[in-house]
Amino acid sequence: MVRISTHAFAAGVLALALAAGDLHAQSLPYGDPGDSDTVSGGDSGRGDASGARGSRSIGTASGGARMRIQPYIEISQSVLARLEPTHEVLTYSSVAAGVDMSLAGRRTEGSVSVRYERRFAETRNSGSVGSVPSNDTISGLARVRHDLIPRQLTIEAGGLATRTRFEASGASSLGASVETGDRVAQVYSLYAGPAVSTHVGDVALKGSYLLGYTKVNTPRLKATGAPQGQPQPQGDIFDHSVAQSAQVSAGFAPGTVLPVGLSASAGYNQEDISNLDQRVRELRAGVQATLPVNSELAVVGDVGWQDVKVSSRDAVRGPGGVPVVGSDGRYVTDKSKPRQIAYDVSGLTWDVGVMWRPSRRTSLGAFVGRRYDSMTYYGSLAYNPNERSSLNINVFDGVSGFGSTVGNAVRGLPTDFTTDRNPFSGDISGCAAGAQGGGCVNGALGSIASSSFRSRGVSASYSHMAGRLRMGLGAGYMRRKFIGARGTVLAGANGRTDETIYVNGSLSGPIDRFTGFTIGVYDSWYRSGVSPLADVNTAGINGGISRQFTNRLVGSAAVGLDSLNRKVLPDELVATGQVGLRYNF
């Protein structure tokens, strides 16, 4: 079994910042890259006063590469007041170290924001029934790409580290200021790969390969909270997976050989999930035609062949046929029995749509067709009316596991991202925006159930700069239809669906030359396909203010309120407060 530590992840993400680059291939696990022209770098999310001074910039303004590096350390003291269902006051302290980095150059662009935090438990009040455990965590986001040979050979890499609060059904959510108890999962995801692009006369040749790894660390407990030996609603809690994607294509543009552009493509995508040896594999080949209507509008059609298979093994069975659950709360895989097919679709596919690009700042693609043996709808909209505003909408449809879904969401973020961090947990908010695009990972993290699924949904993000105020809004919907083989422990998940709806908002900026503020709000709804009693709603608001005492020393204070609403268990309401100091190197 592959393991990943927080320290290994930190080293890996920093290595990505130095060695990664651009990729132009399409793939099922990781989707299409978000292109961007400029890089502004990561953001600490503590208001302008916390990171505007003391950073190191390397490079020139005359076309050379420019790197901005902002390392820092923080100490803080926090108080937590549980208001429901019990009344208690807890305190804890923490020490954190991190770095925000951006690189903009002719051949390299990217952003990295990584933070390590160690939390120290303190004596709780008498009669307390809860605690804030001592722990250490890595949180961060990275996307970097580099042209090894301009316009011919590129390499891209990225990563995500965050914490989520998960429930018995597998539902999870970002945003909670304080995650305590045994329902906190650590999620790590990394991907990297090269792409080549060249021409032979008028024919464009392209190829790419991507490799991704995703890991979820959870406490050693019965993963979904169901009694040991009873079937879990969507299998059990995801452990880890390895995803691969390879794509090749050849074609010519409209007006070169024929009035119509033609291309042929083939792709291979596979995700191997450790839970019960699940495997999602897709093979596809097709021919695409592009017919320009005018300089702004084109009609695109595709005809191809597709073969998609999802398979898994059963769990080890104990007395009476009861599936065996291991010490980590996940089913024990029975490797002595053959793999069983859960989903098998092959045959002709088609889709048709339009691509509209009236300017460099606006692009729209909308498609309808038939894939996965049913109708499919997908597309995207990118609208950047000026350098201060950006709107991005993405409609998606695909078959994958949790790991590929997270990798796809990360790769859809811009390389010049800025993202806010929760002032209490230090975790990213889930949404990131850049000069040329934006996106959110909240939908992908809405469930950490292990079963593979077909996902359909929409995600949207909007960012705007009003003077020195930065505003952001992210929202989305994701529906998962789980897949499980008959006669296996996953049969109970087959055909069941769940839904995630989320909204995130942020506002940050300066109050004066030395003082900044940040405000964040979130709301997330999880609707279970097993029972309405498993539905969960999480919501909260937090605000922080920072004051720059010297060029490098910054003080901060924050307050927050978080709620958790469940149908069966008592509701939770938690108020938090924090004061801290940050030193920028």
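This is a predicted model: local features need pLDDT of at least 70, side-chain atom pairs count only at pLDDT 80 or more; totals for chains, interfaces and linings use all residues.

Colleague: Is F585 buried, exposed or partly exposed?
Modeller: Residues are numbered from 1 along each chain as its sequence is written, and side-chain values use heavy atoms, with hydrogens and water left out. Buried means under 20% relative accessible area, exposed over 50% and partly exposed in between (1.4 Å probe, protein chains only). F585 has a relative accessible area of 34%, so the label is partly exposed.

Colleague: How many aromatic pairs are there?
Modeller: Rings of Phe, Tyr and Trp (its six-membered ring) pair if their centres lie within 6.5 Å; planes under 30 degrees apart count as stacked, over 60 as edge-to-face and the rest as tilted. With that rule, the number of aromatic pairs is four.

Colleague: Which class does the pair F238 and F402 belong to?
Modeller: The ring centres of F238 and F402 are 5.0 Å apart. Their planes meet at 55°, so the pair is tilted.

Colleague: Which ring has the charged end of R582 over it?
Modeller: A charge sits over a ring if NZ of Lys or CZ of Arg is within 6 Å of the ring centre and within 35 degrees of the ring normal. The charged end of R582 is 3.8 Å from the centre of the ring below it, which belongs to Y72.
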